[in-house]
Amino acid sequence: MAPLACPARPQAESKPKVCLRLQCLELGLDAGMLLPVASSDRPPFPKLLQALATAGFLGRGYDASCSSQLVELETALQRQAQLQREQQDFYSQVESHFSEMADTIQRMKRDYYREIDHLREQLSRSARDPRFRPDTVFFFDPEAHRLPSWEFIVEQLDGMRMKREVLREELGGD
């Protein structure tokens, strides 16, 4: 996130302004505001949050002049980034599984039609030659296209959860 340059205050203007930047990649929000301050004293942070909440910007606020709140903000941002990475990993896995399922369906369809064509050919040959003995050939095997068992899925999910917890502990997360 690039720092927002606040314009310099003209000499003739006596009212100070607060420069505020709001950015959210998920919402496509990147806004900067100059808010006039009624007095020359430091504007009260709770009133600023109240004004933002009234304008529709709801959520937790952090005062940048308070180091403990900056640490809290950094922790919240790291947690959000971690959640986004986990979400992206999950969607990548979903995409991968979808591609595998699409390939499996195409193979299943191909094998099914191969077997139907083979059976039609055998019927045609047996109609022409009564001594013809058809081969027992299978191209389509339904067992090869079975969905995984629920126990297998639960084991996979449990393994993913355990990896995530180990990674969280290694990184010193909560």
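**Pairs and bridges, question by question**

Q: Why is Arg125 called partly exposed?
A: Its relative accessible area is 37%; buried means under 20%, exposed over 50%, and partly exposed in between (1.4 Å probe, protein chains only), so Arg125 counts as partly exposed. A word on the background: this is a predicted model, where local features need pLDDT of at least 70, side-chain atom pairs count only at pLDDT 80 or more, and totals for chains, interfaces and linings use all residues. Residues are numbered from 1 along each chain as its sequence is written, and side-chain values use heavy atoms, with hydrogens and water left out.

Q: What makes Arg125 and Glu121 a salt bridge?
A: Their closest N and O atoms are 3.9 Å apart. A salt bridge needs a side-chain nitrogen of Lys or Arg within 4 Å of a carboxyl oxygen of Asp or Glu, so this pair qualifies.

Q: What links Glu165 to Arg161?
A: A salt bridge, with the closest N and O atoms 3.0 Å apart. Shared partners join Asp158, Arg161 and Glu165 into one network.

Q: Why is the pair of Tyr112 and Tyr113 called edge-to-face?
A: The ring centres are 5.3 Å apart, with 70 degrees between the planes. Rings of Phe, Tyr and Trp (its six-membered ring) pair if their centres lie within 6.5 Å; planes under 30 degrees apart count as stacked, over 60 as edge-to-face and the rest as tilted. Therefore Tyr112 and Tyr113 are an edge-to-face pair.
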